Amino acid sequence: MKNMFTAVILSVVLVGVSYAQAPMTKKARVNLVVTEFRVGEKATTMTAEAKRHFQASIAFNLEQTKRFKVVDIRRTRSASQPNLTVINATDEARIAAAARFGRQMGVDYVLVGSVNEYTPKDEGGHGFSEISVRLIDVATGRVKYTGDFSVRSGSPMKSGGQAEMQTHVMRHIIDQLADVLGSKV
């Protein structure tokens, strides 16, 4: 009986040690903040509401990948307002400001970007948008990823309104962005 009890205890200890030494297969979620995107000269038709919806959709889709833990954008917007001018400044200043903002928010990465073009209805009736993004590593203050994404609607837009633009163009850009960023970190 005493030997059996010792054998059970020894096997429990050995199993525990083997689990402790086994490599972790599940990756930890990366903390990220999505800043408000700046609007370029060819995107002036993008309303403030459409811009907020775009930011929220990016945050939601990144969270859905289970690869990111995204800071609530309501908290992001209020915290970024004093920094927005600097975050939207020239490239080097913007990267440094984004890294400072990321440290302030307690995240690993900051996603900054710009909507370069936003055309709800072109001459052929199609919607088109192009964005540029940078993923900034807060710890190093360096750009981890830079990319451009663009989508043209598959068919002519009926109204050319913001909701239709979101459904037929921006959603596809966001899906592409989430796929790429999920593989970069």
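**Cores, a helix pair and one lysine**

Me: Which residues touch the most other members of the largest nonpolar core?
Reply: This core holds 34 residues, and Leu32, Val34, Phe37, Phe54, Ile58, Leu62 and Leu111 touch the most other members. The model is predicted: local features need pLDDT of at least 70, side-chain atom pairs count only at pLDDT 80 or more, and totals for chains, interfaces and linings use all residues. Residues are numbered from 1 along each chain as its sequence is written, and side-chain values use heavy atoms, with hydrogens and water left out.

Me: What makes a set of residues a nonpolar core?
Reply: The members are buried Ala, Val, Leu, Ile, Met, Phe, Trp, Tyr and Cys residues, joined through side-chain atoms within 4.5 Å. Buried means under 20% relative accessible area, exposed over 50%, and partly exposed in between, with a 1.4 Å probe and protein chains only. In the protein chain, 41% of the 185 residues count as buried.

Me: What does isoleucine 58 touch?
Reply: Leaving out residues up to four places away in sequence, isoleucine 58 touches Val34, Phe37, Leu111, Ile174 and Leu177. A contact here means heavy atoms within 4.5 Å.

Me: How are helix 2 and helix 6 packed?
Reply: Helix 2 (residues 48–64) and helix 6 (residues 162–184) meet at an angle of about 35°, and their axes are 9 Å apart. The axes are lines fitted to C-alpha atoms over the stretch in contact, and the angle runs from 0 to 180 degrees between N-to-C directions. Residues in this contact include Phe54 and Ile58 of helix 2 and Ile174 and Leu177 of helix 6.

Me: How do you know whether lysine 66 is buried or exposed?
Reply: Its relative accessibility is 58%, so lysine 66 counts as exposed. Lysine 66 lies in the loop between helix 2 and strand 3. Its phi is near 65°, a positive value in a residue other than glycine.

Key: Helices (H or I, at least four residues) and strands (E, at least two) are DSSP runs, numbered from the N terminus.
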